[in-house]
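Here is a friendly walk through a two-chain model, from the interface down to single side chains. Please keep the coordinates open beside the text as you read.

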Protein chains: 2
Amino acid sequence: MTDPVLDHLRADGGILARLKAYASLPSVSTDPAYAEGMASTRALLKARLANIGFTRVDEIEAGGHPAVVAEWMGAEGAPTYLVYGHYDVQPPDPLELWHSAPFEPEVRDGRLYGRGVSDDKGPVSIALEVLAAFLAVEGRLPVNVRILLEGEEEIGSRTLARMCERHRDRLAADAVISADGARWRADLPTVNVGTRGNAGYEVTLRTAGKDLHSGRYGGAVPNALAEMARLLATLHDADGRIAVAGFHDDVREASAEERAAFAALPFDEAAWLAGIGAEAHGEPGFTTLERLWVRPTVELNGLWGGYTGPGGKTVIPCEAHAKITTRLVPNQDPARTGALLEAHLRAHAPPFAEVTVVDQDRGSAAYEVPPDHPLLAAVERAIGETYGTRPARVKVGATLPLAAIFKQALGVDTVTMSFSTADEDFHAPNEFFRLAALEEGLEAWTRLLRILGGQAT
Amino acid sequence: MTDPVLDHLRADGGILARLKAYASLPSVSTDPAYAEGMASTRALLKARLANIGFTRVDEIEAGGHPAVVAEWMGAEGAPTYLVYGHYDVQPPDPLELWHSAPFEPEVRDGRLYGRGVSDDKGPVSIALEVLAAFLAVEGRLPVNVRILLEGEEEIGSRTLARMCERHRDRLAADAVISADGARWRADLPTVNVGTRGNAGYEVTLRTAGKDLHSGRYGGAVPNALAEMARLLATLHDADGRIAVAGFHDDVREASAEERAAFAALPFDEAAWLAGIGAEAHGEPGFTTLERLWVRPTVELNGLWGGYTGPGGKTVIPCEAHAKITTRLVPNQDPARTGALLEAHLRAHAPPFAEVTVVDQDRGSAAYEVPPDHPLLAAVERAIGETYGTRPARVKVGATLPLAAIFKQALGVDTVTMSFSTADEDFHAPNEFFRLAALEEGLEAWTRLLRILGGQAT
């Protein structure tokens, strides 16, 4: 590709240095000890945005960490896109497992290592560098662009919905381009077109007023752990299908075309399973990719009760606890599936047991890009031209609440344009970002802006 | 009752003071920090035994805490009884819940408070005081008596079996009278004629090589917690009966007479259940007392896996753990029931799961006094005459390994002659011993020795 903006980017020797400076700031949102790192990161972003020509550079907040916003609205008559990213990162612990200091980014073997380089300071830097290059080379962007860089993605985007409601004017756009997200695999050009929703619950089952001695009471009173095991065993049928009445009622079944497209994807299931030491398992009648992408789940994340230390203790526990999350697919409402789950647990618990179900969050609905959305088409074209092959549409089993939040609060869709890859150890020690993806991303974003502005041929 | 020995005991103002001195020594066996308390307790007991006229006063051991032994063998032609007790106590923690210092015994409201006063320094003191009084008043005992005061009862009588084997000559007797044990209730004269056995296991179920993200893998791989719940749910049928194949094969069914005797006991089941905040539950076709005393159990004591801290973590755990104990009734062999349990768990686990079962101990068989044993008849008569009413035969759902150990290692039976009561908070803060039981115990032990020596009319 020959393009004056891309030429400018390719000649710019400062891109990696700026990314390193950005990633060297410890913007850990979950730990108040990093408040200064959060503030200095916002300051760096605001200075950069003002410097490259954005206006209304500001911080907005709704009770949590502020987000950085800015805009360039000089493309009269053109659509407006909200470019989303986050400047917060996961804690660097455990520090002893890092081969280089987490906040002193270091290049080794074509990869940049450091906390946040993949999630998502690298991907966000691509977008900012491309926008800067357009303004530097051409003095304008092909479309109007608003920027939202939030500081709470790693803590569940707690105040993002409220922020959208409070600052609707600063975020108004025709669609959202998310620099956050992750490519499925480094070896396959793909576009993510949907994520599952989720919702978490904590269940407590109580069978007596106190713990009891297993010799003095055993056999004549209920055991909370045994009752919890029996109860949890009712959540799926013998084949692995969710047995909660009504849970599948609203599930939008994948179309024959969608299933055929998934089946056509190059996916080495045996290698995937070998890598995690597990066998395929799950709802009958669906492939592994379908189970991951378009079927809901009810999973136990934690289970505990009684004595769990070394040796034994002859106790009959009066209480048992479980943490459960559901993953939801399009059309499922977290409030409804949560009510169905709770009703199931109550209906299947023995009459003598007291069952408490606490919602751990309000839940997120699944999100799906409308398959004919023009932004999706533009992103597919940009990626396809960059890699020389049409990207495959894939889904993501995990949950990115932001797309559902933007849809609900701002009424607009989100397409992901991320250049991090799912294997880059984000949230873990030795997070890295492929420098090849940095180059590919600069080209793809340049192409995308040209396409969106009607400047691509 | 008029008896010169009992008159001597009633006139002796030093009994409570000696018990307090004994209970003020911190003989905690589980914590090496109390080694000095253990040693000084043995020294006190040896001095006392020598002082009252016992011979071969000694310490014997088999790799753990030594036991104190002694004997008086001057009753030529008479049978020999081994009087059993233990000098070790449970740790006093949590200290802040005690109303008086645990090792500064204090009388309040007709009760002596202190660690070990009920379990079992009070009950052992009764036996020693009665033996001392016989020797002081009459210069002899009605029968031959050996004494064994072990130091490891509170840590499972770990070396008792080996000690019996190594020191068979010091412990040889026609039967064992245990000063340890506990009366069922303070308001009902009873004799314990049997205890359930027990055995403990730790089960681990593994379904993958590592924990997995519930979004990126959920629905397509097994969940160790869900599989563990399903597996544990198979241990009992829907009615609460143990569903492990063969588990009941060797169970000796209670006779119609035994069941009728249990049914005739004054037992306020509703009050008992209300006290623990539980409803009756268990194997159909049996009463609560039968379930507690003559039916086996499989109980979950602990269950854990995955994330159990505050909030949520979207993990699919690869491992789940459970602690299980079985309580066994006469004729059941812990080795066989353990093998059946393990076979059940392996047979009911899904083929993709790896199941590990670790025995936490070798297990103890149930113990039952032969219903026509002469020592049992003597103890029943002594208690009956003391309380003015024939004692009821009861069983104990819990496990006292010593009787099974003595039966196997020494070939003799054990009858319990204890004056602690099950409600006296042993193993808990504010352990106490009823002073009324002290007086009753002195009379009953005096009567018992007269009966055993053929001196009772």
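## How the model was read

This is a predicted model, in which local features need pLDDT of at least 70 and side-chain atom pairs count only at pLDDT 80 or more, while totals for chains, interfaces and linings use all residues. Residues are numbered from 1 along each chain as its sequence is written, chains are lettered from A and ligands numbered from 1 in the order in which they are written, and side-chain values use heavy atoms, with hydrogens and water left out.

## Where the chains meet

Let us begin with the interface. Across the interface of chain A and chain B, the rule finds 0 salt bridges, a salt bridge being a side-chain nitrogen of Lys or Arg within 4 Å of a carboxyl oxygen of Asp or Glu. Polar contacts do occur: 40 residue pairs between chain A and chain B are in polar contact, both residues at pLDDT 80 or more. A polar contact is a pair of N or O atoms within 3.5 Å; within protein, one must be able to donate a hydrogen and the other to accept it, and residues adjacent in sequence count only if both atoms are side-chain atoms.

Which elements give two or more residues to the side of chain A that touches chain B? They are β10 (212-213), α7 (224-232), α9 (269-276), α10 (288-293), β11 (297-306), β12 (315-316) and β13 (319-328) of chain A. Helices (H or I, at least four residues) and strands (E, at least two) are DSSP runs, numbered from the N terminus. The largest share of this side, 9 residues, comes from β11(A). By residue class, the side of chain A that touches chain B divides into 29 nonpolar, 28 polar and 13 charged residues. Here Ala, Val, Leu, Ile, Met, Phe, Trp, Tyr, Cys and Pro count as nonpolar, Asp, Glu, Lys and Arg as charged, and the others, Gly among them, as polar.

In total, 70 residues of chain A are in contact (heavy atoms within 4.5 Å) with 70 residues of chain B. The area buried between chain A and chain B is about 5200 Å², of which carbon and sulfur atoms give 56%; this is the accessible area (1.4 Å probe) that two parts lose on being put together, summed over both.

## Strands that pair

β11(A) also pairs with strand β11 (residues 297-306) of chain B, in the antiparallel sense over 5 bridges. Two strands pair if DSSP finds at least two bridges between them. In β11(B), A:Gly306 has B:Gly302 as its bridge partner.

Within chain A, strand β1 (residues 55-60) and strand β2 (residues 67-72) pair in the antiparallel sense over 4 bridges. A:Glu59 has A:Val68 in β2(A) as its bridge partner. The hairpin of β1(A) and β2(A) has 6 residues between the strands, and A:Gly63 there takes a positive phi near 105 degrees.

## Salt bridges

Over all chains, the structure holds 72 salt bridges. One of them joins A:Arg18 to A:Glu129, the closest N and O atoms being 2.8 Å apart. This pair links distant parts of the chain, with A:Arg18 in helix α2 (residues 15-23) and A:Glu129 in helix α4 (residues 117-138) of chain A, 111 residues apart. A:Arg18 is partly exposed at 28% relative accessible area, whereas A:Glu129 is buried at 5%. Buried means under 20% relative accessible area, exposed over 50%, and partly exposed in between (1.4 Å probe, protein chains only).

In chain B, the side chains of B:Arg295 and B:Glu283 meet in a salt bridge of 2.9 Å, N to O. B:Arg295 is buried at 3%, and B:Glu283 counts as buried at 6%. Another salt bridge joins B:Glu380 and B:Arg393 (2.7 Å, N to O). B:Glu380 lies in helix α12 (residues 374-387) and B:Arg393 in strand β16 (residues 392-396) of chain B, so the pair ties together parts that are 13 residues apart in sequence.

## Two loop residues of chain B

B:Arg183 lies in the loop between β7 (175-178) and β8 (190-195) of chain B. Is B:Arg183 buried or exposed? B:Arg183 is buried, with a relative accessible area of 10%. The side chain of B:Arg183 makes a polar contact with that of B:Thr421 (3.0 Å). Beyond neighbours within four places in sequence, the contacts of B:Arg183 include B:Tyr387, B:Phe419 and B:Glu440.

B:Glu104 is found in the loop between β3 (80-86) and β4 (106-108) of chain B. B:Glu104 is exposed, with a relative accessible area of 56%.
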